Amino acid sequence: MAAPKENTRSNNDHDEDYDDIPLQHQRYFGAGLHKRPISFVSASTGSSQLQSVNNTTPKLSPPQDISDIYLNLVLPKTPQPSPPPPSESQPDAPPCPICNLPLQAPSSPTHPPSQCPTPHTQSLAHQLSLPHSHPPSSLDRTRMGLSYLSSHGWDPDARRGLGAAEQGIAFPVKARLKDDNRGVGMPVSVSKKGDEKGRGREKEKLLDAGKVRKLVKEEGRRRERVWEELFGDGRVEKYLGKGAGGGGS
Amino acid sequence: MADSAKTLKRSSAEREGTQDSKRLKTNGDGTTMDAKQNPYLAHLEEDGRSGFAFKSPLDKFERQNTTARQASEAEDSDNNPWTNNPHSQQYFKILKTRRDLPVQKQRQEFLDMYHSTQILVFVGETGSGKTTQIPQYVLYDELPHLTGKLIACTQPRRVAAMSVAQRVADELDVNLGEEVGYSIRFENRTGPKTLLKYMTDGQLLREAMHDHDMSRYGCIILDEAHERTLATDILMALLKQIAERRKDLKIIVMSATLDAQKFQTYFFNAPLLAVPGRTHPVEIFYTPEPERDYVEAAVRTVLQIHASEPEGDILLFLTGEEEIEDACRRIGLEVDDMIRESDAGPIAVYPLYGTLPPHQQQRIFDKAPDALRKGGRPGRKCIVATNIAETSLTIDGIVYVVDPGFSKQKIYNPRTRVESLLVSPISKASAQQRAGRAGRTRPGKCFRLYTEKAFKKELIEQTYPEILRSNLANTVLELKKLGVEDLVHFDLMDPPAPETMMRALEELNYLACLDDDGELTTLGGLASEFPLDPAIAVMLISSPEFYCSNEILSITSLLSVPQIWVRPNNARKRADEMKQQFAHPDGDHLTLLNAYHAYKGAEQAGDDVKKWCHEHFLSYRHLSSADNVRAQLKRIMETHDIQLVSTPFQNKEYYVNIRRALLAGFFMQVAMRESSNSKVYKTVKDDQLVMIHPGTVVTSPYDWVVYNEFVLTTKQYVRTVTNIRPEWLLEIAPIYYDVDSFEKGEIKSALTRLTDKVRRRQAMKGGR
């Protein structure tokens, strides 16, 4: 932590693995962090208190926010087929065994009969309900590991895992590199995307000769102004001695 | 069966042999009914009761039919029921505290359930006393001195196995290593008298390789099963099989978290017994917005607690050594300011992470500092820890927990064959576990540095078990040795991904540990005898062919312990200079060897080795443990007739031989320089761009290097590298370096050129 030691680190700037603190972050006093409290909020009711071991049964809580409600509507919770909407409950239309919709497209307010001349099998609902046929796995078939697994009855194209009931995960757990201090739930885009956008806009600028000339002129004017501010004062010139301003022009 | 009877007889004979000579060496004192009930005792002559030679309250006990009251009475007696020595004062003192533990109230309930079932799932939070008490309850019920069948209790960590064994030995008033012992990798402290054995889960797995039925044990307790370590997962799958074969084997699965149902269903719907921990309610707080910098937010939160919350210690979870040390420093500085400005109380900040020396780890149990002056604001303790403080360690006095929601997790990518330790968001279960740490002594508070929405949406339910995140080469070798034929349908709780399994099989195939059909080869069988990774084991086994098995043995031991180089922050330059003294221009493996030889030299010269190590910036602790590892491995080599040979040091091939021998195991960990005057290397076959870790002694840029490990931080590094010659690759691992099997690229063309060159040279030789 002592300052004089710092000169020894100049030659190993590149090694992140050593816990050296960069010079600019060295603080001999606190950085005033204690003056910036975080206004914590209590957990929402029901889950604010940690449950003890006794009540181990998970409680089915009602959906908490709007996306939950939406997912509850969209995702089938129970395998039983939902009853068809009342507008379509016509006893004469037999349901399709695949998509559970009546075979003859009935007239409904959302689908006027004139607009659905397509046969039932080509309807979106039917197509989505069809069992998927997956492309074969991309695993290299010559691998020794694969031949062992398939000799014990594992099918690489069946999209199954290992285990007694082949219930294991089908793909390895993915690693995601984290090289910043962003907290949980902080969107990735905030700092990085902003940077990229900024840079992108600069790149978009197309300059023709006139604009460049204008820029150069402006640049020159700015430099003059700085010059004047620095050396315009006679005292500075006096202090620096004669010819001090010469190098700049 | 015959086998187990033999071990049984031997162990009882051994036990008697060590007893005092004045005691009678009889087999038949005090018989009870249970001798006939036990099929194993039927093999013994007469009554078969090999109990104690002294009168013990345990004589009246009926095996597997005892009550809590009986046991308590035996515990209360003046003499130790297990040794007949009078109980010490200390014993009664500890006994009093033991009686206050939450599990004690349910001792009878536990015994009833234990008697009624073969497999039992036991849930008790950390601090309920399960790790120390349940094995003792089983001990008083199983009475292993009668059957010769031990009780094993597994722990995921070596330190836990050692410290818990010591604690239980104290509680039973016996010497550690006698009635109660422990066994961890490279260290076994058990004896012929041992009845209760704490061990790492990996160690039990190794034992099972030679004893497929685990016939030495009458009861196996898997502790901390919720941690789902690789070895525990494998043990569970094995025990599930063994339980069907051995109906007399009792199994207890102990977990500290609430998701015990998964264990129940897995173990044929085993009954569950839950013991409430001594927990108090914990109030949970979230941040209103996600945090930009979780470390800074964590520091701010600690300071905020210190400024405005009543007395009570703080536990902050961070991810790694650097981050923890940084946070400790920042907290210290800020609190100094607070004391100056607003008369805050003092704070003692302690880091806690795995690589911290034990005496520094112990400091977390120090008392919180007193107020600076009389009547001043009270001081408090702040522990900044990795997730070792999450489940395994019990620190009393913690009232506030700060949880940024991250931990370092090992993740293996079978496509690149890289195992890396990455900072990842924790799981909901983990977060709950962390929060629970606050309610150990009184109602506490947990500050989560993320929003409640993030908790619900971003965090996964359960942490991925280790088996899904690891390289399985070692595991597959062990499973093969354990006699598991069908790895596809092996009944693991969470089977790994097929690709991970394939990689492991292929690696072992290249190492010639498995044949093309996946059957264990002789080399594979031999490699599994070593408690090492298959690549290292193969290197060690083949080292006599390179006339350097002594040296490779030393290098292996040095690679099996943490880094021996010490590089303190305030003396880096001198440390580096000292390291340079041992440096070998050809690489780090050889440098390690040089340092080890120098260490042994100092030892033989009779120097003060500790002082010598300190002066040379070497870790005495790790060097001496490497020495210990070496002795253990040497014994294994000797039992398997692996020759210990050396090339004479004067021979110029001395180091060349060692470098070649390294390749016999590590030929799959080779990298080639991208282009001349580049610092970037590309790993062979996996095509990962890497740099050599700056800690290396290698200065000249070699074209081909072999590396010990791949480190993924912000950059990809290879650490501990040694220069090799590519011709050796073709010679030592011709199958792996079959040019046709390579993808098009620089490495392939380099190898093609090389093969041509070798062929031409051979043709020239042939022509002459």
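This is a predicted model: local features need pLDDT of at least 70, side-chain atom pairs count only at pLDDT 80 or more; totals for chains, interfaces and linings use all residues.

Residues are numbered from 1 along each chain as its sequence is written, chains are lettered from A and ligands numbered from 1 in the order in which they are written, and side-chain values use heavy atoms, with hydrogens and water left out.

Confidence, then. The scores are ipTM 0.80 and pTM 0.76. On pLDDT, the predictor's confidence in each residue from 0 to 100, chain B averages 87, and 93% of its residues score at least 70. The lowest mean in chain B, 43, belongs to helix 1 (residues 2-17), and the highest, 96, to helix 20 (residues 534-542). Helices here are DSSP runs of H or I with at least four residues, strands are runs of E with at least two, and both are numbered from the N terminus. Residues 1-36 of chain B have pLDDT below 50, and beyond near neighbours in sequence that stretch makes 46 contacts in the model; a contact means heavy atoms within 4.5 Å.

Next, the interface. Contacts involve 104 residues of chain B and 76 residues of chain A. The buried area is about 7,900 Å², with carbon and sulfur atoms giving 60%; that is accessible area (1.4 Å probe) lost by two parts on being put together, summed over both. On the chain B side, B:R300, B:V488 and B:M502 lose the most area to chain A, together 8% of what that side buries.

Which order do the seven strands of the open sheet take? It is 1(A)-9(B)-16(B)-13(B)-10(B)-12(B)-11(B), with mixed pairing, where two strands pair if DSSP finds at least two bridges between them. The edge strands are strand 1 (41-42) of chain A and strand 11 (347-352) of chain B, each pairing on one side only. Strand 10 (residues 313-317) and strand 13 (residues 398-403) of chain B run parallel over four bridges, and B:I314 has B:Y400 as its bridge partner in strand 13 of chain B.

Elsewhere, strand 21 (residues 716-723) of chain B has six of its eight residues buried. Buried means under 20% relative accessible area, exposed over 50%, and partly exposed in between (1.4 Å probe, protein chains only). Strand 20 (residues 704-712) of chain B runs antiparallel to strand 21 of chain B, with seven bridges, and a hairpin of three residues joins the two. Strand 19 (residues 689-692) of chain B pairs with strand 21 of chain B in the parallel sense over two bridges.

Last, salt bridges: a side-chain nitrogen of Lys or Arg within 4 Å of a carboxyl oxygen of Asp or Glu. A:R143 pairs with B:E506, the closest N and O atoms being 2.8 Å apart.

B:R434 and B:E390 meet at 3.0 Å, N to O. B:R434 is in helix 15 of chain B and B:E390 in the loop between strand 12 and strand 13 of chain B, so the pair ties together parts 44 residues apart in sequence. Both residues, B:R434 and B:E390, are buried.
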